[in-house]
Structure formats: structure tokens, C-alpha cells
Amino acid sequence: MENLLWVIPVLPFAGALLLILFGGRLPRTVVSLIGVGSVGLSAVLTLLLGFQFLTDAPAGGVYRQEVWQWFDVAGFSPSIAFHLDALSLVFIFVITFVGFLIHLYSTVYMAEDEGFTRFFAYMNLFVGSMLVLVLADNLLLLYLGWEGVGLCSYLLIGFWYKEPQNGYAARKAFIITRVGDTAMAIGLFMLFHYFGTLHIQSISTEAAQTWPVGAQPATIIAFLLLGGAVGKSGQLPLQTWLPDAMAGPTPVSALIHAATMVTAGVYLIARMHVLFELAPLAQFTVAVIGAVTLLLAGFSALTQSDLKRVLAYSTISQIGYMFLALGVGAWSAGIFHFMIHAFFKALLFLAAGAIIISLHHEQNMFKMGGLKEKMPAVFWTFLIGAASLAALPLVTAGFYSKDQILWLALAGERGNIWLYLAGLAGAFITAIYTFRMVFLTFYGDPKTHMEHPPGKLIILPLVVLAILSTVAGFIELPHNFGHVVLFSSFLSPVLPNLAINESMAPSEWMFQAIAAAFSLAGVFIAYLLYLRQPSLHESIRNSARAMALHRFWYAGWGFDKLYDTLFVRPFVFLSTLNKGDFIDKIYAFVAGLANFLNRGLAQTQSGILRWYMMGVVVGALVILTISLFP
């Protein structure tokens with residue numbers, strides 16, 4: 001079965017190729033079969049391969065498959081080769097399984113769109129690129145998948161390209177992520193300079209043997225890789241593209257923000273964890289970036305009126321938790337939250353899409369309301385996803401994944417009280433904005449007429465994801481809840497375990513109770529402000545200071561304005577000055593001068609003999625004069 005590893009990424013690429021070449025002549029049913037079927041087959045192969053991996057693990061817990069030699073230049077000979085271990089298996093499971101559900105959902109959501117075939121071609125290409133990224137056994141192949149994901153995000157965010165703002169959002173995502181990608185590329189050059197290879201396992205082994213902890217090259221390279229990670233994962237300071245990515249169709253938002261692009265940075269840091277452990281400053285910076293980002297994005301989510309933008313800021317915040325976990329060395333906890341987040345965030349986006357198409361594409365939560373009875377299946381599945389996002393205690397998967405991060409951010413050997421408090425405050429804010437969504441969307445009086453209830457192919461993925469958002473958390477339980485460590489044990493051959501301060505172990509239950517209390521308090525505040533006493537919310541919001549703060553948070557803390565002032569406007573100003581392209585004027589002057597001299601010399605070729613003789617005489621006189629009077 002492991003010999004079929006290469007088929008998993010090839011199937012989506014094959015589906016994309018078929019749709020690009022022949023999709024225009026195929027009926028939509030066939031397009032759906034190709035688009036959904038290719039990813040579905042990859043998901044089935046992943047499940048079969050995963051079962052074999054669990055029951056009959058390969059030697060060393062790794063299976064490597066070299067498909068062919070890519071090239072060989074001056075001793076640099078990377079291969080098209082795939083590396084399957086516990087970490088990559090988790091990622092390909094999420095990518096293919098959640099991706100399949102999103103594709104299935106899209107057959108109904110995009111049914112009336114004129115770009116139906118183009119949509120599935122892009123989606124398949126996106127999934128294939130992400131699979132290459134997480135299966136690559138060398139950083140060059142990983143970078144190929146990395147850039148493929150970036151290209152597809154541009155195509156999908158700007159899918160409805162006839163609207164100028166959609167094209168702007170696509171360009172913004174492409175350009176901002178290029179900033180991080182450039183830093184990452186420089187990091188890859190440095191790795192090749194020091195080790196003569198980009199093979200991931202070789203670098204990890206040699207780096208640990210060559211560099212001591214805190215070595216300058218390791219620190220610089222780790223920071224450069226971190227630059228790529230924050231760009232792709234929408235973390236500070238390169239997070240501004242992600243809320244605008246909501247310009248794409250809702251299934252695109254689910255794919256980008258749940259299973260694919262935004263988790264690429266998390267994977268990169270986890271895969272290169274040896275380098276980050278050799279660079280404590282860079283690893284601590286990962287934790288700080290995560291802690292600050294989860295707070296800033298959470299406050300922004302509190303002020304949004306667009307349902308999808310709330311979920312977008314929520315994604316930025318939740319990835320902040322993953323970065324926080326990676327930064328304190330809680331590697332398996334970060335990956336665990338990645339998986340759980342993929343389930344409940346895909347669920348929330350797809351449920352939001354079901355609401356949007358049923359309300360004539362209305363996305364403003366304040367124009368919704370009263371949908372609890374009209375869309376019961378969507379309501380209950382959305383509520384399950386919201387409960388998991390808010391980490392409601394004991395009954396949701398999100399509680400167990402987030403609580404583990406909070407505990408290790410405090411009790412872990414690299415944790416501290418400030419990181420814990422940031423995560424705890426983020427959990428409180430998350431609960432408020434999450435149930436603000438629930439109460440504004442499903443409760444109160446209806447404000448928009450519902451066109452039609454969602455169909456079965458819309459509801460089915462929601463039900464599957466709702467189940468996973470509830471039960472998946474029970475594969476990793478804390479010490480005082482039965483000490484189930486199936487997930488972290490599975491990842492332990494790849495990612496090191498984090499030692500905790502044993503003196504704090506007896507108090508774990510107390511910190512769990514605190515985290516649960518903060519989440520429940522957030523739900524209560526949302527209930528009080530948006531359901532029980534909406535007038536209280538209005539009175540708070542209408543104060544001058546609250547309105548100013550609301551505008552600031554609504555605008556994403558002013559980062560867009562800051563970057564516009566520092567980078568965009570100066571660039572546009574210089575471009576305006578250079579509208580005529582002064583560089584071209586230099587070459588135009590040289591060409592004009594040569595032309596002028598040519599015309600002057602051409603005048604001497606008149607064909608009249610006496611003028612030629614006169615020229616000879618004048619030239620001789622000039623030469624004699626110079627000779628006689630040096």
C-alpha cells in the first residue's frame with residue numbers, strides 16, 4: 001500500500017488537468033465527479049495508508065518514496081520524493097478528508113455559477129499543491145508546493161474577478177505572502193550554503209550535530225523561516241491579507257482557513273522544529289507572535305458585522321494559539337489544535353455558507369436573525385462548531401485542544417505566566433464573539449426572508465464535521481481526565497515531548513476550572529449583550545470612546561492604514577513620478593545622440609569631389625598645426 005503514496009497528491013493534479021483541458025466540453029455532473037472524486041479517492045487512499053501505518057508501521061516510523069531524480073547541478077540533486085511519517089500523515093488526513101467534504105458541499109453551493117468548471121480545477125490544484133507541501137522530503141519540493149498554494153489562493157480569492165474589490169483582495173494576498181516567501185527563500189539559500197543539501201532529515205540531523213543551542217546561523221535561518229510562516233498563516237505582522245480573502249466563495253474560505261494554506265506555516269515550524277530548538281530566541285518569538293496575534297484578532301472579531309469576516313479573524317486568532325504552542329515547545333499540542341480547528345472551522349464556514357445562500361447572499365449578521373426554527377440542522381451543527389471554537393468545557397473537542405495549550409504555556413519548561421494570561425484572555429474573547437455570532441444569526445426576529453432551505457449535500461458535510469468537532473478531542477485527554485495520550489504518543493517519534501514543572505501538576509485541575517469559567521463567562525456576556533439586554537450593548541457602543549475603539553478594532557488595529565502610509569502610498573507616488581520611466585529616457589537619449597551624430601556624418605557623404613579634397617586639405621592643415629605647435 002505504501003507504494004501508492006505518490007498517487008495521493010497526483011490524483012487532485014490529474015483532476016485539475018482534466019478539467020483545464022476538457023472541462024469546457026463536459027457536463028457539470030461529470031465535472032463534479034472529477035473534481036470531487038479525485039480528492040475523495042485521495043482521502044480513501046490516505047485512510048487505507050493510515051490504517052496500515054498504525055497497524056504495521058514502517059521501520060523508524062518513516063516511509064520514503066522517491067519518484068524520480070528532479071535534477072543534478074553542481075552536486076545539488078533534489079528528488080521528487082515523498083516522506084510519510086506521523087506528522088505528514090495527520091496533515092494529509094485533514095487535507096484530503098476535510099477537502100473532500102468541502103468539494104462535495106461545493107457541488108451544490110457553486111451549482112449556478114458560470115465558472116463551475118474553473119472553480120473545481122482551481123480547488124483540485126490547491127489540494128494537490130498542499131499535499132506536495134506536507135509530503136515533500138526536501139525543502140525545494142516543499143517550496144514548490146508552498147508557491148503552488150500561494151498561486152491557487154490568488155486564483156480562488158479573486159475567483160469572481162469581475163468585481164474590482166475581489167481582484168484587489170487576491171493581489172493583496174499574493175503580494176503580502178510574497179514578503180514572507182522571500183524571507184523563506186533566503187533561509188533556504190542559507191541552509192544549502194551551510195549543509196550542501198535541502199533534504200529535511202539530513203538538515204535536522206546535521207544541524208543538531210554542528211550547531212550549539214543559540215548559534216547565530218541557526219537563529220538567523222529560524223527567523224527567516226518564521227517570516228515565511230507568518231505570511232502564509234496570517235500572523236503578525238503579515239496578517240492583513242486574510243480577512244480580505246473572504247472575497248472568494250465560501251467553500252474557498254473553508255478550504256483556505258481550515259485545511260490548507262493558513263496551516264502551512266504551522267507545518268513548516270513543526271517540521272523544522274530542530275532548527276527552532278537550536279534558536280531559543282526565534283522559538284520564543286514564535287510564542288510571542290502567537291500570543292499577541294490571538295488577542296489582536298480576537299478583539300477585531302468582536303466588532304465585525306460580516307459573518308465570514310468574524311470567522312476570518314477567528315482563524316487568525318486560533319492559529320495564534322498554534323503558534324503559541326509551537327513557541328513553548330508543545331509541538332504535539334499545536335498539531336492537535338490544528339486538527340481540531342480544521343474540523344470546527346470548516347464546519348462553521350460551511351454552515352455560514354448555507355445561511356448566506358439561503359438569505360440571498362446576505363452576510364451581515366445584523367440583517368439575519370430568527371433562523372433557529374427555519375434552519376434547525378444548520379443551527380445545531382453551527383452551535384456545535386461554535387461550542388468547540390469557544391472551548392466549552394468537557395463536551396467539545398476544542399476544549400481539550402485549547403486547554404492543553406493553555407496548560408503547557410504555563411506549566412511547560414518554556415512557558416510563563418504572561419503567555420498563559422494572553423491565551424486565557426483570548427479564550428474569554430473567543431467565547432464572546434463566537435456566541436455573538438450565534439445569537440445575532442439564529443435568535444431574535446427574522447430580518448431577511450429565507451429563499452430556500454439547504455439541501456442534503458449541504459447538510460451532510462456539516463453533520464460529519466459536527467461529529468468530529470465533538471468526539472475528536474477525546475483522543476487526547478489531560479492527566480486528571482484519564483490521561484489519554486493517543487495523539488501525542490502517535491506524534492512522539494517525530495516531535496519531542498515537552499517536560500512540565502512537576503510542582504505544578506497537582507494544580508492542573510484548578511487551571512482547567514479557570515479556563516472553563518472564562519469560556520462560560522464569555523458565553524454569558526454575549527447572551528447578556530446580544531440576546532437578553534441588547535439595549536445594554538447599544539448604550540455601551542454609542543459612547544464616544546467605545547465608538548472610537550470599535551472603529552479601530554473594526555479596521556484591524558489600523559495595520560492596513562499603517563502599511564498604506566509606509567509602503568503603498570510612497571510606492572504609488574514614486575510610480576507616478578516615474579510614469580514616463582526615466583530609465584527608458586537614458587537609453588532614449590543615447591539612441592537619439594547616436595542618431596544625431598549619424599545624420600551629421602551622413603552630410604559629409606555628398607558625392608562631390610571638391611568637398612572631399614577640401615576635407616583632406618583641412619585635415620592635413622589641422623595635423624600640421626598640431627605637429628608644429630605642440
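This is a predicted model: local features need pLDDT of at least 70, side-chain atom pairs count only at pLDDT 80 or more; totals for chains, interfaces and linings use all residues.
The domain assignment of the protein divides part of the chain into three named segments: domain 1 covers residues 331-542, domain 2 covers 549-579 and domain 3 covers 581-628. Between the C-alpha centres of domain 2 and domain 3 there is a distance of 54 Å.

Helix α8, formed by residues 216-232, packs with helix α13, formed by residues 280-301; their axes come within 9 Å and cross at roughly 25 degrees. Because angles under 35 degrees count as roughly parallel, α8 is described as roughly parallel to α13. The crossing of the two helices, α8 and α13, is right-handed. On the α8 side, the contact is made by Thr219, Ala222, Phe223, Leu226 and Val230. The residues of α13 that take part are Leu281, Ala282, Thr285, Val286 and Ile289.

Threonine 441 is located in helix α18, which comprises residues 417-442. The side chain of threonine 441 reaches the backbone oxygen of methionine 437 at a distance of 2.7 Å. When neighbours within four places in sequence are left aside, threonine 441 is in contact with Leu307, Ile355, Met365, Met368, Gly369, Gly370 and Leu371.

Technical notes. Residues are numbered from 1 along each chain as its sequence is written. Side-chain values use heavy atoms; hydrogens and water are left out. Domain bounds come from an automatic or database domain assignment. Helices (H or I, at least four residues) and strands (E, at least two) are DSSP runs, numbered from the N terminus. A polar contact is a pair of N or O atoms within 3.5 Å; within protein, one must be able to donate a hydrogen and the other to accept it, and residues adjacent in sequence count only if both atoms are side-chain atoms. Contact means heavy atoms within 4.5 Å. Axes are lines fitted to C-alpha atoms, for helices over the stretch in contact, and angles run from 0 to 180 degrees between N-to-C directions. Angles under 35 degrees count as roughly parallel, over 145 as roughly antiparallel, 65 to 115 as roughly perpendicular and the rest as oblique. A crossing is left-handed if the near helix is turned anticlockwise from the far one by less than a right angle, and right-handed if clockwise.
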